[in-house]
Amino acid sequence: MATVAAAGGSEEPGARPGTDDLAARLKVYEGQPAARAGMGKDPVNLPMIRHWCEAMGDTNPAYQGPDAVAPPTMLQAWTMGGLSGHTARTGAYDEMLTLLDEAGCTSIVATDCEQEYLRPLRPGDEVAFDTVIESVSARKTTKLGTGYFVTTRTDVRVGPELVGTHRFRVLKYAPSGPERKPPPRPRPVVNRDNAAFWEAVAEERLLIQRCADCGVLRHPWLPGCNACGCLDWDTVESSGEGTVCSYVVMHHPPFPAFAPPYAVGLIELAEGVRMVSNVVGVPYDKVRIGLPVRVEFCRYDDDGGALTLPVFRVLDGEA
Amino acid sequence: MGAETTRPGVGTELPALEIPITRTLIVAGAIASRDYQDVHHDAELARDKGSPDIFMNILTTNGLVGRYITDCFGPTAQLRKAAIRLGAPNYPGDTMVLTGRIEEMDDETRTATVRVVGANSIGNHVTGTVTVVLTESTEDRGTVTVTVADEVDS
């Protein structure tokens, strides 16, 4: 799909990361479970307690010997997925994180931890837990970058008994800083067979190749005619009018220069040839087969230099 | 720091606890809490993510705050709640100084609400509130805070 995406990328307002559109899509996850019927990977046990106390420098005798209890602040540790990962995570939580990743909020940092301890955990206790996504904040700009605070609440149980609650807040953010500038857009591959097409685009004209012998129009540009094999050709200038013949919405894989999701259209020009490009002027999820569109020329100036690309705008009142 | 002879009450300041933030502490704390995020043990990957070095994870901070409270009030003190917020990261080579003050005291249940701050050279790494029940035997010790003071001095 990289070559398709290279035809234009996405500039639709609705597809840009961090707009209210994203906040609204994140809000949907509030109240949804993040982990269901999770089980601690190990029962509460003395070796893990001892390792914890060694690391923390905690010599409290309550955590040692035959009547040892676990340090209360280990509550979350018993629920951790470790290197082998979480098995109880729901699709909702992963979906939400993917949305944030795709919007450029790829970094994560824990900001708050609020725990309540209802009774001490003892070696042998089998810990079970359920986690709910309590809230997702509006977009916030912090010293680290811009992103969203996600708060989860985990109820920790041993058997039916609630032994503790654990509220956890993370900031999922796009790191700030100049090094985060998106890479330049990929450039079209220009060769002797299609150079005239790109020269015309730079002058904001859309040219269609025409066979000099049989008169059949063709796109993309080729050395010879598919209909009659003739190598001679000339061009006609397209009116730029067309309709969406087909389309795809790119969600994954993310391409560094573009912010998914975005729509890539197959446009059928009034002259009859088809062309892959972007459909602009409507959110990615409003693109439909049959929408009337008209070419417009989009100018970019990034680290790769100046670039003009043909894109197709949905006619007013048609979306 | 001298011996504390009065019963802890509102306004009582807990003796400070100085914690050298070593690379070993950060990594050991992360692994003991089963947190394998690379930013807590791999300096190269941490730098790739825009951090100058590895930094302490929140579970270790929480563990240290818990330790600070039970160090001060003794092994029979029962933690009820711990609510912490992170600020300036704990990077290797820094020192965090934990201080605390009793903000509220319910004399009937002997429940203290302690405001805790952990400051490093950048700013406040952690601010939070811990609710702890001081059991009879805790108070029988009478001089609970001496233990910590001795430890800090050593």
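Student: What makes helix α3(B) count as mostly covered?

Tutor: In this predicted model, 16 of the 16 residues of α3(B) are buried, a term that means under 20% relative accessible area, with exposed over 50% and partly exposed in between (1.4 Å probe, protein chains only). Helices are DSSP runs of H or I with at least four residues, strands are E runs of at least two, and both are numbered from the N terminus.

Student: How do you know that the span of α3 (residues 58–73) of chain B agrees with its number of residues?

Tutor: The expected span is 1.5 Å times one less than the number of residues. For the 16 residues of α3 of chain B this should be 22 Å, and the end C-alpha atoms are 23 Å apart, which agrees.

Student: Why is α3(A) called roughly antiparallel to α1(B)?

Tutor: The axes of α3 (residues 46–56) of chain A and α1 (residues 23–32) of chain B come within 9 Å and cross at roughly 155°. Angles over 145 degrees count as roughly antiparallel, under 35 as roughly parallel, 65 to 115 as roughly perpendicular and the rest as oblique; therefore α3(A) is roughly antiparallel to α1(B).

Student: Which residues of α3(A) and α1(B) meet?

Tutor: A:His51, A:Trp52, A:Ala55 and A:Met56 meet B:Leu25, B:Ala28, B:Gly29 and B:Ala32, where contact means heavy atoms within 4.5 Å.

Tutor: Residues are numbered from 1 along each chain as its sequence is written, and chains are lettered from A in the order in which they are written. Local features need pLDDT of at least 70, and side-chain atom pairs count only at pLDDT 80 or more, while side-chain values use heavy atoms, without hydrogens and water.

Methods. Axes are lines fitted to C-alpha atoms, for helices over the stretch in contact, and angles run from 0 to 180 degrees between N-to-C directions.
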